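Let's take a walk through a protein together, going from the overall layout down to single pairs of side chains.

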Amino acid sequence: LETFERYMEQDSSVWELQAMTRARMTAGNPEFRERFIKVCHRILFPPSPRPDLAREIYQMRKRMLEEVSKEDAFSYDIKVGRGGIVDIEFIAQYFLLSEGGRHPLLRETHTWNVLKNLRQENLISSRDYTFIKRAYTFLRTLESRLRMVSNLPSHLLPREPSKVRAIALRMGYGDTPRGRAEKKLLQNYLRVREGVREMFERILNKKGG
């Protein structure tokens with residue numbers, strides 16, 4: 001624990017701090033758990049955050065879009081791609097690391113709880129909270145349905161409408177005179193994706209990108 005603490009204090013990168021916001025004990029000595037959590041909280045939630053925090057998180061996300069995302073001409077990457085799940089998780093992690101020292105209520109490992117407490121602490125507007133909560137629900141549900149249809153841990157959504165019909169039906173969309181289920185799903189996904197990306201840029205790029 002002492003070696004871990006020394007490394008995190010002296011040599012850790014911002015992405016490592018982001019990863020540690022999700023850390024939790026699932027087994028082992030309760031006394032050690034308390035010591036570990038205390039060390040993590042002291043490192044992750046100082047009275048004043050790192051001055052380069054927003055810029056580092058923004059640049060890491062940019063690298064992920066360029067190097068990790070599997071988005072291409074045939075598929076959207078709903079997890080790592082533009083406006084995906086990771087954008088929402090990075091927003092939550094940014095607020096954890098920047099405001100967790102002043103707002104202990106934020107110190108949660110689950111993104112859902114962080115988002116809820118951001119609103120409770122008045123760190124995001126009611127409008128932003130309503131949108132991001134619905135967006136996260138939509139994207140997580142879509143991820144689950146993609147896995148059900150493909151029987152694989154996939155987060156790639158085909159761009160071709162005919163290839164997403166089964167997914168759209170599992171998401172609860174139906175055909176109407178105004179359009180087919182698959183087209184409605186893709187239209188809704190693109191609206192959510194752009195809204196998430198706008199919020200990410202507004203929060204992270206404005207503060208340090």
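**The big picture**

First, keep in mind that this is a predicted model. The protein chain has nine helices along with two strands. Starting at the N terminus, the order is α-α-α-α-β-α-α-α-β-α-α. If you draw a box around the C-alpha atoms along the principal axes, it comes to roughly 60 × 40 × 35 Å. The chain has 209 residues, and 42% of them count as buried. Now look at contacts with a separation of 6 or more: 62% of those are between residues 24 or more positions apart.

In soluble globular proteins, nonpolar side chains tend to be buried together. Here the largest nonpolar core has 58 residues, and the members that touch the most others are Phe138, Leu142, Leu157, Leu185 and Leu204. Helices that each give at least two residues to this core include α2 (14-20), α5 (85-99), α7 (126-150) and α9 (181-208).

Setting aside neighbours within four places in sequence, its contacts are Phe138, Leu142, Val164, Ile167, Ala168, Met171 and Tyr173.

**A closer look at α6**

Which residues of α6 are buried? They are Thr111, Val114, Leu115, Asn117 and Leu118. The buried residues of this helix pack against α5 and α7. After α6 comes asparagine 122, which has a positive phi, near 65°.

**Salt bridges**

The count of salt bridges comes to 22.

| Pair | Closest N and O atoms |
|---|---|
| Glutamate 71 and arginine 193 | 2.9 Å |
| Arginine 147 and glutamate 143 | 3.5 Å |
| Glutamate 182 and arginine 165 | 2.7 Å |

Start with the salt bridge between glutamate 71 and arginine 193. This pair links distant parts of the chain, 122 residues apart: glutamate 71 is in the loop between α4 and β1 (75-77), while arginine 193 is in helix α9. Is arginine 193 buried or exposed? Buried means under 20% relative accessible area, so arginine 193, at 7%, counts as buried. Glutamate 71 is at 24% and therefore counts as partly exposed. Not counting residues up to four places away in sequence, arginine 193 touches Glu71, Tyr76, Arg82 and Gly83.

Glutamate 143 counts as buried because its relative accessibility is 5%, whereas arginine 147, at 39%, is partly exposed.

In the last pair, glutamate 182 lies in helix α9 and arginine 165 in helix α8, so the bridge ties together parts that are 17 residues apart in sequence. Glutamate 182 is buried, with a relative accessible area of 6%, and arginine 165 counts as partly exposed at 23%.

Finally, some salt bridges share partners: Arg22, Glu89, Arg140, Glu143 and Arg147 are joined this way into one network.

Methods: Residues are numbered from 1 along each chain as its sequence is written. This is a predicted model: local features need pLDDT of at least 70, side-chain atom pairs count only at pLDDT 80 or more; totals for chains, interfaces and linings use all residues. Side-chain values use heavy atoms; hydrogens and water are left out. Helices (H or I, at least four residues) and strands (E, at least two) are DSSP runs, numbered from the N terminus. Buried means under 20% relative accessible area, exposed over 50%, partly exposed in between (1.4 Å probe, protein chains only). Contact means heavy atoms within 4.5 Å. A nonpolar core is a set of buried Ala, Val, Leu, Ile, Met, Phe, Trp, Tyr and Cys residues joined through side-chain atoms within 4.5 Å. A salt bridge is a side-chain nitrogen of Lys or Arg within 4 Å of a carboxyl oxygen of Asp or Glu.
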